[in-house]
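Colleague: I am new to this one. Could you show it to me and take some questions on the terms?

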Amino acid sequence: MNTQELVALRIQQLCAEHGYNLHQLARACGVPPSTLKNIIHGVSRNPGIVTIKLLCDGLGISLYDFFDTDAFKKGEQELK
């Protein structure tokens, strides 16, 4: 899995953990629902760190918590 796919999967995992659907998360974070949908469906291949930080703020977690998963630790390198 590449980083974009890992970010999309992590957002979906966090939504499930917090009982949010994408629209509820978007409202909680102040991010347009279309932005989240574009990240999830791979249209936005490079979501900005500011967007991810807004998601973390809305979920009440840190950036460290967002990326502190085995999937990110073991993910493939983008540059080979």
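**Helix packing and a cavity**

Modeller: Helix H1 (residues 3-18) and helix H3 (residues 33-40) have axes that come within 8 Å and cross at roughly 125°. This is a predicted model, where local features need pLDDT of at least 70, side-chain atom pairs count only at 80 or more, and totals for chains, interfaces and linings use all residues. Residues are numbered from 1 along each chain as its sequence is written, and side-chain values use heavy atoms, leaving out hydrogens and water.

Colleague: Why is H1 called oblique to H3?

Modeller: Angles under 35 degrees count as roughly parallel, over 145 as roughly antiparallel, 65 to 115 as roughly perpendicular and the rest as oblique. The crossing is roughly 125°, so H1 is oblique to H3.

Colleague: What makes the contact of H1 with H3?

Modeller: Contact means heavy atoms within 4.5 Å. Gln 4, Val 7, Ala 8, Ile 11 and Gln 12 in H1 meet Leu 36, Ile 39 and Ile 40 in H3. They divide into 6 nonpolar, 2 polar and no charged.

Colleague: Why are H2 and H4 called roughly perpendicular?

Modeller: Helix H2 (residues 22-29) and helix H4 (residues 49-59) pack at about 95°, with axes 8 Å apart. H2 and H4 are therefore roughly perpendicular to each other. Leu 25, Ala 28 and Cys 29 of H2 touch Leu 54, Leu 55, Gly 58 and Leu 59 of H4.

Colleague: Which classes make up the contact of H2 with H4?

Modeller: It has 6 nonpolar, 1 polar and no charged residues. Gly counts as polar and Cys as nonpolar.

Colleague: How do you know that there is a cavity?

Modeller: A cavity is a set of points on a 1 Å grid over the protein atoms alone where a 1.4 Å probe fits but cannot get out. The search of the whole structure finds 1 of 30 Å³ or more. Its lining residues (an atom within 4 Å of a point) are Leu 6, Leu 9, Arg 10, Gln 13, Thr 69, Ala 71 and Phe 72. H1 gives the most, with 4 residues.

Colleague: How confident is the predictor in the protein chain?

Modeller: pLDDT is its confidence in each residue, from 0 to 100. The mean is 91, and 94% of residues reach 70 or more.

Methods: Axes fitted to C-alpha atoms, helices over the stretch in contact; angles between N-to-C directions. Helix = DSSP H or I, 4+ residues; strand = E, 2+ residues; numbered from the N terminus. 1 Å grid on protein atoms, 1.4 Å probe; cavity = no way out; pocket = protein on both sides within 12 Å on 5 of 7 lines; lining within 4 Å. Points joined across faces, edges and corners; volume = space filled by probe spheres on them.
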